[in-house]
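Colleague: I am new to this structure and would like to learn how to read its packing. Could we go through a few features in turn?

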Amino acid sequence: MKLKKYFSVIGTLALALSLAACGPQESGSDAEKDTKKATETNELVVWEDIQKGEGIKDAIAKFEEEHNVTVKVVEKAYAQQIEDLRLDGPAGTGPDVLTMPGDQIGTAVVEGLIKELTVAEDVTSIYTESAMQSQMVDGKVYGLPKAVETTMLYYNKDLISEEELPQTLEEWYEYSKGVADGEKFGFLALFDQIYYAQGVMSGYGGYIFGNDGGFDATDIGLDNEGAIKGAEYIQKFYSEGLFPTGIIGEQGINVLESLFTEGKAAAIISGPWNIEPFTKAGINYGVAKLPGLENGENMSAFVNVKSYNVSAYSKNAELAQKFVEFIANEENSKTRFEITKEVPAVASLANDPVVTGSEAAQAVAEQSQFSELMPNIPQMNEVWTPADAALQTIATGKATPKAALEEAVKTIKGQIEANHGGK
């Protein structure tokens, strides 16, 4: 059974941009020395995302003073921190606190990498429901939301004005047919990846896992009638030459972004992580929600939640939890947004002028009405590779959508059976 989770504009205005603020970085060798030192002194080691340390600098100084502790910040790519923890944790060189994507929570819990947090309701209640849900497994809390993001439409105002902007994917298809010539293009998206393609497939009734109060890994909807219809729609962008072959595969994201920054693509689907690069590139761009579909639905998008979590290997777990509660509270979340533009999931900040003054925040807030929480169960790890492989065969015309998606689901089920006991 599919239950598509929608979020209100008011509750999720803080679903936006992830700008890279300037901040210090440390080498791996220095980080390892700092972590070892922390096990011998009254220190906490915090793994923060790359170029985001500046956003928590003042808050850390206050925490150090209040708790008579030294907090050492080590910047690492947040999506890779769990992988590093698998090695550094047992070796005694891991962090006390780390930041990670919400879809990794389930895996981290199963592997025993992060600690359950005992937090009061007055703490968890400050966050939007969807963001807090991403941090829970079997009703237990394993982290607090740091920031949330979803995809949106970027368009080049020098190529197409806001008044001319197509409102549906079909309109973008027609627009692209009149623009694409092999060197310049209209609308582009990485539809050979499930992270982006699900936005179309979901609009026709496809889904990854059924959700009836919790994700059901035995109910996979990637090859149902709606998913196939959505994939058939996607395929024509490739088969008719409206998407260049270069945006298929591993290097696709680099090609797509280059085409946009070079003024060779009128619009692309991307995330808030590109606000700063596109601004620095001098692109006269605008942002908007994702297009509608011809069936009256709107394109969907995944909501990704970044969080602060306590390592299971921390020797100062109690203090580490106090730090997580402190660093993710309303005051510090607002300050971090002002510096890094990573918008927190604190519900009370939804209408704060600091947030509402951002065009990108407004765009993503509108898109958030049609967004769905990325599955955070361990079985999601078995979806990415087979689903992307299927979409790439669809994009290259090597298989029909029906055959490719059916094969992908067969592979996903087999991997879930092998790695998770079929559950």
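Modeller: What follows covers helix pairs, a sheet and an aromatic pair. Keep in mind that this is a predicted model.

Colleague: What describes two packed helices?

Modeller: The description of two packed helices uses the angle between their axes and the distance between those axes. Take helix H7 (residues 169-177) and helix H9 (residues 225-239): their axes come within 11 Å and cross at roughly 15 degrees. Angles under 35 degrees count as roughly parallel, and H7 and H9 are therefore roughly parallel to each other. Their crossing is left-handed.

Colleague: Which residues make the contact of H7 and H9?

Modeller: On the H7 side they are Leu169, Glu170 and Tyr173, and on the H9 side Tyr233, Lys236 and Phe237. By class, the contact of H7 with H9 has 4 nonpolar and 2 charged residues, and no polar ones.

Colleague: At what angle do H8 and H9 pack?

Modeller: Helix H8 (residues 194-201) packs with H9 at about 110 degrees, and the axes are 8 Å apart. The range from 65 to 115 degrees counts as roughly perpendicular, so H8 and H9 are roughly perpendicular to each other. From H8, the residues Ala197, Val200 and Met201 meet Gly226, Ala227, Gly230, Ala231 and Ile234 of H9. The contact of H8 with H9 divides into 6 nonpolar, 2 polar and no charged residues.

Colleague: How are H2 and H12 oriented to each other?

Modeller: The axes of H2 and H12 are 11 Å apart, at an angle of about 140 degrees. H2 and H12 are therefore oblique to each other. The crossing of H2 and H12 is right-handed. In H2, the contact residues are Ala59, Ile60, Lys62, Phe63, Glu66 and His67; in H12, they are Leu319, Lys322, Phe323, Phe326 and Ile327. Of the residues in the contact of H2 with H12, 7 are nonpolar, 1 is polar and 3 are charged.

Colleague: Two of those residues have aromatic rings. What describes a pair of aromatic rings?

Modeller: For a pair of aromatic rings, one gives the distance of the centres and the angle of the planes. The structure holds 21 aromatic pairs. One of them joins Phe63 and Phe326, with 5.5 Å from centre to centre and 45 degrees between the planes, and this pair is tilted.

Colleague: Which parts does the pair of Phe63 and Phe326 tie together?

Modeller: Phe63 belongs to helix H2 (residues 57-67) and Phe326 to helix H12 (residues 317-327), so the pair ties together parts that are 263 residues apart in sequence.

Colleague: Now the sheet. What is the order of its 4 strands?

Modeller: The order in this open sheet of 4 strands is S8-S11-S7-S12, and the pairing is mixed. Strand S8 (185-188) and strand S12 (285-288) are the edge strands, each pairing on one side only. From one strand to the next, the twist averages 20 degrees.

Colleague: How many bridges join S7 to S12?

Modeller: Strand S7 (residues 152-156) is joined to S12 by 4 bridges, and the two run antiparallel.

Notes
Residues numbered from 1 in each chain as written. Predicted model: local features only at pLDDT ≥ 70, side-chain atom pairs only at ≥ 80, totals over all residues. Heavy atoms only, no water. Axes fitted to C-alpha atoms, helices over the stretch in contact; angles between N-to-C directions. Parallel < 35°, antiparallel > 145°, perpendicular 65-115°, else oblique. Left-handed = near helix turned anticlockwise from the far one by under 90°. Contact = heavy atoms within 4.5 Å. Nonpolar A, V, L, I, M, F, W, Y, C, P; charged D, E, K, R; others polar. Pairing = 2+ DSSP bridges. Phe/Tyr/Trp six-rings, centres within 6.5 Å; stacked < 30°, edge-to-face > 60°.
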